[in-house]
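Hi everyone, thanks for coming. Let me put the sequence and the model up, and then we can walk through them together.

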Amino acid sequence: ASTLGASAAEKGRYFGTAIAAGRMSDSTYIGIANREFNMITAENEMKWDATEPSQNSFSYSRGDQIVNWARNNGKQVRGHALLWHAQMPGWAQNLSGSALRNAAINHVTKVATYYRGKVHSWDVVNEAFADGGSGGRRDSSLQRTGNDWIEAAFRAARAADPGAKLCYNDYNTDGINAKSTGIYNMVRDFKARGVPIDCVGLQSHLGTSIASDYQANIQRFADLGVDVQITELDVQQGSNQANIYQTVTRACLAVARCTGITVWGVRDTDSWRSDNPLLFDGSGNKKAAYTSVLNAL
Ligand code: XIL
């Protein structure tokens with residue numbers, strides 16, 4: 001097929017992008033998004049600060065703009081993200097202990113209930129593990145409510161939307177390292193104890209090289225009995241960019257339970273990064289990286 005989404009679909013996968021509501025009136029942007037991608041993530045509009053700006057008062061208009069556009073155009077939606085230490089609303093930043101735990105679980109329940117039936121996969125918890133060699137949890141106000149906050153969130157999400165796949169999502173997890181192993185151990189424990197988890201998201205914000213065990217890392221998660229999704233792929237521009245994109249695509253296709261890839265934006269000028277990490281240039285032209293992905297699909 002001649003687009004990323006259609007080619008991925010031929011392999012039983014999806015190919016997605018992040019969409020920013022504020023760019024949707026740009027016809028070049030939305031035209032590429034509509035043509036190339038069949039899975040959509042809201043770049044910011046479904047995060048805690050966006051959806052619950054004051055406590056127990058919910059705001060879905062920006063998220064709905066993206067979700068409705070996606071569904072009206074035959075695309076599926078990744079929900080991002082129910083709980084994350086970043087982009088928390090100010091009121092939640094001022095809470096701790098059981099008040100924060102209760103607010104967090106209420107948030108998960110309300111947002112997942114609102115979007116029930118419309119979300120293919122939810123990032124239930126985002127970036128809860130520490131960087132570096134510890135393999136442990138990141139310190140955060142959420143973590144200080146008790147180590148079981150992650151499983152409590154997954155249970156609440158399952159109850160609210162039994163049809164959505166529930167994912168744990170993180171970065172710097174792109175090879176076998178202390179952080180990805182910490183997550184691996186958590187997922188293994190969740191599966192053993194019946195905590196509802198269906199998928200692991202590897203954000204894959206990459207520089208000029210890629211771990212040689214990228215595919216092996218995907219495979220070890222799949223072997224636990226969860227799907228793997230590449231959720232926020234972008235790769236620093238440089239002589240290796242097209243190769244790295246192709247390596248990621250091939251690795252995902254090589255693992256049956258790697259069900260799809262999402263790139264974190266459309267054109268380089270839409271990216272949160274300044275190193276031109278995406279598949280289309282600022283004018284909307286396909287880059288070499290685009291061709292390398294399409295050829296790998
Ligand atoms: C980024 C967005 O792209 C930016 O627009 C925003 O200012 C900050 O967040 N990991 C994630 C994403 O899970 O939500 C982040 O998105 C990028 C890193």
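Let's begin with charge: the chain carries 30 positive and 28 negative side chains, and the centres of the two sets lie 4 Å apart. Here Lys and Arg count as positive, Asp and Glu as negative, while His and the chain ends are not counted. Each charge is placed at NZ of Lys, CZ of Arg, CG of Asp or CD of Glu.

A word on the source: this is a predicted model, where local features need pLDDT of at least 70, side-chain atom pairs count only at pLDDT 80 or more, and totals for chains, interfaces and linings use all residues. Residues are numbered from 1 along each chain as its sequence is written, and side-chain values use heavy atoms, leaving out hydrogens and water.

Now, how many disulfides are there? Counting cysteine sulfur atoms within 2.5 Å as a pair, we get two disulfides.

One joins Cys167 to Cys199, with 2.1 Å from S to S. Cys167 sits in strand S5 (residues 165–170) and Cys199 in strand S6 (residues 199–202), so this pair ties together parts 32 residues apart in sequence. Strands here are DSSP runs of E, at least two residues, numbered from the N terminus. The S-S torsion is about -85 degrees, so this disulfide is left-handed.

Cys252 and Cys258 form a disulfide too, again with sulfur atoms 2.1 Å apart. Its torsion is about -100 degrees, so it is left-handed.

Are these cysteines buried or exposed? Buried means under 20% relative accessible area, exposed over 50%, and partly exposed in between, using a 1.4 Å probe and protein chains only. Cys167 and Cys199 are both buried; Cys252 is buried at 2% and Cys258 at 0%.

Conventions
Helices (H or I, at least four residues) and strands (E, at least two) are DSSP runs, numbered from the N terminus.
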